[in-house]
Amino acid sequence: MVPESRRPPRSAPLPSAFCAVVAERRLLENIAHCLLDSAAAAEYAVRETYVRWYTMQDDEQDRIDRPVTWLVGTLVRICVGLLESDPRRTGGQIVDRAGHSALAGPVPRRWRAWRDAPKL
């Protein structure tokens with residue numbers, strides 16, 4: 001049996017940019033899940049947040065000093081919008097306009113302060 005040659009260990013197992021993106025997405029998912037109390041609704045809110053970021057024009061993105069702060073603020077506004085909206089209900093589940101299962105339960109009024117917060 002011939003021993004396999006071993007590569008020297010890398011200083012970081014993954015590129016730091018990749019780790020930052022994964023950590024950022026995990027942060028957004030955790031915040032959305034805490035606000036919405038639903039994994040499906042949290043995933044929808046995070047996707048919508050990234051859609052708004054990547055469809056923004058480059059000059060608008062360049063004016064944002066801290067993208068993570070912008071992403072969190074946008075995510076919170078999306079979550080509050082989902083909580084305060086009156087979507088169609090089917091079989092005890094709330095369904096958004098696209099037909100995806102989103103939230104269940106009454107809309108809490110405590111999120112109004114977040115909705116009225118200034119944009120970052």
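Cys34 is exposed, with 66% relative accessible area; exposed means over 50%, buried under 20% and partly exposed in between, using a 1.4 Å probe and protein chains only. This is a predicted model, in which local features need pLDDT of at least 70, side-chain atom pairs count only at pLDDT 80 or more, and totals for chains, interfaces and linings use all residues. Residues are numbered from 1 along each chain as its sequence is written, and side-chain values use heavy atoms, leaving out hydrogens and water.

| Residue | Relative accessible area | Class |
|---|---|---|
| Cys34 | 66% | exposed |
| Cys79 | 0% | buried |
| Gln61 | 18% | buried |

The structure has zero disulfides (pairs of cysteine sulfur atoms within 2.5 Å).

Now to the glutamine. Gln61 sits in helix H3, residues 58-62; helices are DSSP runs of H or I with at least four residues, strands are E runs of at least two, and both are numbered from the N terminus. A polar atom of the Gln61 side chain lies 2.6 Å from the backbone oxygen of Trp53. Leaving aside residues up to four places away in sequence, Gln61 touches Trp53, Tyr54 and Met56, where contact means heavy atoms within 4.5 Å.

How confident is the predictor? The chain averages a pLDDT of 75, and 58% of the residues score at least 70; pLDDT is the predictor's confidence in each residue, from 0 to 100. Where pLDDT is low, the predicted coordinates should not be read in detail.

Key. A polar contact is a pair of N or O atoms within 3.5 Å; within protein, one must be able to donate a hydrogen and the other to accept it, and residues adjacent in sequence count only if both atoms are side-chain atoms.
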